[in-house]
Amino acid sequence: MLSMHTSPLEQPGTGDAGGLNVYVVELSRQLARHGVEVEVFTRAVSSRVPATAQLAPGVTVRHVDAGPFEEVRREDLPAWLCAFTADVLRTEAGHEPGWFDLIHSHYWLSGQVARAAARRWAVPFVHTSHTLAKVKNDALAVGDRPEPAGRLHGEQEVVADATRLIASTAEERAHLIGLYGAAPDRVDVVAPGVDLTVFRPGGRGGGGPVRPGDIAASRARSRLRLGLEADGELLLFVGRIQPLKAPDILLHATAELLRRDPSRRARLSVAVVGGPSGAGLEQPDALVKLAADLGISDLVRFQPPAPQPELAHWYRAADAVVVPSHSESFGLVALEAQACGTPVVAAAVGGLRTAVADGVSGLLVPGHDPLRYADALDRLLRQPRLRARLAAGAIERAAGFGWSATARGVLHSYQHALHPTAVAV
């Protein structure tokens with residue numbers, strides 16, 4: 001596994017750590033359970049990290065010395081591709097020939113490393129893009145920067161050279177084929193998963209049907225644990241704070257809800273769990289200032305990124321999780337929230353259209369007008385029966401996206417790459 005720009009050991013929700021980190025961790029663990037020994041190469045950002053670390057039985061993380069021991073902006077990392085590649089090749093050279101059977105790269109930077117290593121070792125490489133520059137540039141948020149020409153060119157090279165490509169959705173597969181010219185017979189669709197042992201309705205046992213009372217009781221327990229008011233309405237945003245993820249839309253929608261019904265101030269609150277990332281690092285306090293400008297500072301609670309067990313409590317505590325991203329290859333936050341029994345109000349973009357079943361497990365909002373989000377949230381908050389129905393649908397929706405299913409799909413792609421003529425399509 002190659003994950004150059006972000007380590008699977010990092011806490012998702014800030015910096016460059018996000019859904020990709022979760023994907024690499026969970027997929028690696030599942031592959032190891034299927035008998036695949038996995039070594040994950042990532043760039044060392046500190047001199048204090050060990051050269052190798054055990055992520056799980058059968059999964060080793062190798063920290064590569066490439067560039068300064070500090071966080072480096074993604075746009076500056078191409079300067080260290082050669083150093084990173086050299087260390088990866090050096091590690092393999094210390095083993096007997098044929099040590100690695102296959103390379104799986106994540107994001108285009110790692111794909112560039114995979115191109116060189118695959119040629120040197122004469123092994124296939126499978127690539128997962130996670131995000132695509134051309135798609136992101138077509139849906140830029142205000143204040144966001146377009147992806148540079150170097151990334152566009154680099155992605156094109158990776159798509160052309162990869163033995164197989166793994167897309168998270170049929171829409172991403174269409175983008176790889178239509179925008180990048182990928183051969184259709186080399187692109188597999190494998191949806192990411194969710195850890196259903198962590199993200200689940202609290203207290204649910206036996207695997208039986210979930211009743212509205214179960215969801216309410218779970219919400220009350222999580223709110224007590226997090227020090228939140230038992231009553232009232234809670235809207236939640238989880239993720240990196242940057243223009244692409246659009247947390248500002250939730251704040252504007254909240255202000256609109258109060259404008260429509262000033263009495264709601266006594267019962268409404270908003271939680272933002274995450275940290276600045278990407279273009280958001282240029283103005284790390286922008287969201288705090290926006291809340292002040294909108295007159296809702298007293299309603300908004302900012303929380304640092306949380307480990308998965310605590311994050312599950314935030315999901316359970318919320319009445320709705322809002323995912324207003326301008327672009328999203330899949331949307332793991334939406335899936336995690338639904339697995340906890342919480343409806344999602346999300347942008348009708350990219351993979352969110354796959355993760356969320358509109359009107360069944362949540363509500364999809366066309367465009368990014370805060371007024372439309374206010375409409376959807378108002379409807380959800382005012383209709384307990386709708387909220388209960390969507391909560392039950394959310395649990396059922398997420399149940400079909402376990403990581404074990406993801407691993408089986410990825411293994412099938414690996415088999416195609418290793419034995420292209422022996423695997424039935």
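Me: What makes threonine 342 count as buried or exposed?

Reply: Keep in mind that this is a predicted model. Threonine 342 has a relative accessibility of 2%, and the cut-off for buried is under 20%, so threonine 342 counts as buried. Threonine 342 sits in the loop between α11 (332–339) and β12 (344–347).

Me: What is threonine 342 in contact with, leaving aside its neighbours within four places in sequence?

Reply: Its partners include Tyr315, Arg316, Ala318 and Ala337. Contact here takes heavy atoms within 4.5 Å.

Me: How do you know whether tyrosine 315 is buried or exposed?

Reply: Its relative accessible area is 0%. Buried needs under 20%, so tyrosine 315 is buried. Tyrosine 315 belongs to helix α10 (residues 308–317), and among the residues it touches are Phe199, Leu236, Val333 and Thr342.

Me: Which residues does UniProt list under "binding site"?

Reply: The unreviewed UniProt entry gives Tyr315, Arg316, Ala318 and Thr342. They're spread over 28 residues of sequence, yet they cluster in space, with a largest C-alpha distance of 6.9 Å.

Me: Zooming out, how many helices and strands are in the protein chain?

Reply: The protein chain has 15 helices and 13 strands.

Definitions and conventions
Residues numbered from 1 in each chain as written. Predicted model: local features only at pLDDT ≥ 70, side-chain atom pairs only at ≥ 80, totals over all residues. Heavy atoms only, no water. Helix = DSSP H or I, 4+ residues; strand = E, 2+ residues; numbered from the N terminus. UniProt positions renumbered as here; feature names shortened; annotations may be inferred. Buried < 20%, exposed > 50% of the residue type's maximum accessible area, 1.4 Å probe, protein only.
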